[in-house]
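The sequence and the structure are shown first.

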Amino acid sequence: MTDGLPKPRRFLAIAAVSAGTALVVIDGAIATVALPTIARDLGVDSSAAVAVVTVYQLVLVMTLLPFSGLGDRIGLKKLYQAGQAVFTIATILCFFAKSLPFLLIVRAAQALGAAAALSVSSALLRSIYPARQLGRGLGINSVVVSSSAAFAPTLGGLVLAVAPWPWVFASAVPFAILSLILGRSLPDPTPRTEPFDVLGAVMCAAMFGLVIGGLETAVHGDSPIVSGAIVLVGMIVGVLFIRRERGEAAPILPVDLLRRPVLALSSMGAFTAFVATMTLLLSLPFRLQHGYGFAPSEVGAAIAPWPLTTMIVAPLAGWLSDRYPAGLLGGIGMALAIVGLLSLSYLPAEPDYWAIAWRMSLTGAGFGMFLSPNARLIIGSAPRERAAAAGGLISTTRMVGQTTGATLVAALLAVGLGSGGGPALIAAGLAAVAGICSLARLNPAIRNPPRDEAADAQPGAQVS
């Protein structure tokens with residue numbers, strides 16, 4: 001079996017995945033800055049315009065795992081390229097939206113294309129890089145994600161300063177076209193021959209859609225009984241779905257992978273880490289503006305050290321994860337993050353920019369040290385034929401964690417606890433859980449891979 005793509009094709013494939021990842025992240029975040037303008041131009045309430053963002057996130061969460069299963073059957077490269085094509089077409093249609101319903105439909109189509117590409121991107125990285133460089137590759141991908149997330153609001157603001165809001169969506173088209181062109185260099189692992197589990201895919205989408213949608217309506221709606229009923233139906237579907245998946249050889253929801261303690265701990269740690277990051281990053285602007293009188297531009301500058309530090313630390317952590325156990329690196333990272341979060345919770349009475357900046361930088365370094373090695377461990381510890389499922393698990397965990405964090409912040413704001421030091425304390429507690437999960441993976445009984453999978457597993461593992 002070839003270990004990674006040969007050069008220079010490897011570099012073209014890396015560029016293709018990087019461009020595709022960038023456009024998915026940018027498009028998911030860039031619309032946020034345009035929501036007030038969209039609401040005004042389309043003549044809708046601001047609360048209704050928020051659906052432009054939430055429908056994108058919800059469709060992504062619902063379809064990432066089903067698409068990862070589909071990629072195994074039809075081919076990773078084929079699904080990735082098809083997703084980019086759908087995304088590009090839907091993005092162009094956003095430019096011509098004249099009503100909110102039409103915009104929501106094409107945003108859902110965008111999310112479908114984005115989910116198709118994102119669901120197999122980590123599996124493609126496993127085929128692009130040699131096994132000894134997988135951590136480095138995932139570190140680079142983490143830089144693309146963090147830098148794109150940091151760049152999106154700035155790009156959106158620049159576009160709105162010189163052009164109408166439809167151009168905010170059009171700004172992602174060059175990335176999509178570049179990714180499509182470069183995508184011809186992507187590896188094309190042999191697809192599996194088993195039929196695709198359509199019923200399982202529908203149940204998976206329904207489970208996530210009902211539970212997360214119900215939680216969203218509980219926060220933003222005015223009928224707790226209806227919201228509770230939606231969540232309950234989603235949980236029932238989830239129980240039936242998980243029972244059904246246990247009997248599948250290659251399940252849509254990778255319960256076969258989650259039976260492995262190292263992967264279950266890694267996924268739990270990633271989930272709590274993403275909830276923690278979103279809890280802090282969404283609540284901090286309210287605290288800085290309402291509690292300390294920061295201007296919006298000053299808030300952006302105060303938050304910027306987090307992604308900027310992550311851009312530096314993530315590739316370094318990825319490189320280290322090719323040499324040292326992810327459990328150790330993740331434990332160190334979460335210790336740094338906890339210190340940063342606790343210091344953010346107990347800010348001085350009148351903090352200046354630097355008092356916030358160093359705390360944000362320390363916290364960003366901690367999460368950067370955790371997330372890249374964690375993703376490398378999930379991908380490297382899964383059997384090669386289940387790489388797409390492992391990649392889908394990573395992306396789904398990130399999206400569900402971020403969505404849960406956003407819902408938590410909305411609930412805290414609703415009860416008057418979201419604009420103080422409480423969210424940072426909660427985030428520190430979640431980071432502690434992630435750190436415990438990470439350190440637990442140092443147990444030899446947990447971290448040792450089977451002999452036939454040792455080539456891609458975490459460094460330092462003893463093969464039994």
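## Helix 5 and helix 9

In this predicted model, helix 5 contributes Tyr80, Gln81, Gln84, Ala85, Phe87, Thr88, Thr91 and Ile92 to a contact with Val173, Ala176, Ser179 and Leu180 of helix 9. Sorted by class, this contact comprises seven nonpolar, five polar and no charged residues.

Helix 5 spans residues 76-94 and helix 9 spans residues 173-182; their axes lie 9 Å apart, at an angle of about 155°. Angles over 145 degrees count as roughly antiparallel, and helix 5 and helix 9 are therefore roughly antiparallel to each other. Their crossing is left-handed.

## Helix 16 and helix 17

Helix 16 (residues 326-345) and helix 17 (residues 353-381) have axes that come within 7 Å and cross at roughly 155°. The two helices are therefore roughly antiparallel, and helix 16 passes helix 17 in a left-handed crossing.

On the side of helix 16, the residues in contact include Ala326, Leu329, Gly330, Gly333 and Met334. On the side of helix 17, they include Trp358, Arg359, Met360, Phe367, Phe370 and Pro373. The contact of helix 16 with helix 17 has 17 nonpolar, six polar and one charged residues.

## Helix 16 and helix 19

Helix 16 also packs against helix 19 (residues 422-440): the axes come within 8 Å and cross at roughly 170°. That angle makes helix 16 roughly antiparallel to helix 19. The crossing of this pair is left-handed.

By class, the contact of helix 16 with helix 19 has 14 nonpolar, six polar and no charged residues.

## The second largest pocket

The second largest pocket holds about 590 Å³ of space. Its lining consists of 22 residues, and those nearest the centre are Met207, Phe208, Phe271, Thr396 and Val400. By class, the lining has 15 nonpolar, seven polar and no charged residues.

Which helices supply at least two residues each to this lining? They are helix 10 (198-220), helix 11 (224-245), helix 13 (261-292) and helix 18 (387-414). Helix 18 gives the most, with seven residues.

Conventions:
Residues are numbered from 1 along each chain as its sequence is written. This is a predicted model: local features need pLDDT of at least 70, side-chain atom pairs count only at pLDDT 80 or more; totals for chains, interfaces and linings use all residues. Side-chain values use heavy atoms; hydrogens and water are left out. On a 1 Å grid over the protein atoms alone, a cavity is a set of points where a 1.4 Å probe fits but cannot get out, and a pocket is an open set with protein on both sides within 12 Å along at least five of seven lines; lining residues have an atom within 4 Å of a point. Grid points are joined across faces, edges and corners, and a volume is the space filled by probe spheres set on the points. Helices (H or I, at least four residues) and strands (E, at least two) are DSSP runs, numbered from the N terminus. Ala, Val, Leu, Ile, Met, Phe, Trp, Tyr, Cys and Pro count as nonpolar, Asp, Glu, Lys and Arg as charged, and the others, Gly among them, as polar. Axes are lines fitted to C-alpha atoms, for helices over the stretch in contact, and angles run from 0 to 180 degrees between N-to-C directions. Angles under 35 degrees count as roughly parallel, over 145 as roughly antiparallel, 65 to 115 as roughly perpendicular and the rest as oblique. A crossing is left-handed if the near helix is turned anticlockwise from the far one by less than a right angle, and right-handed if clockwise. Contact means heavy atoms within 4.5 Å.
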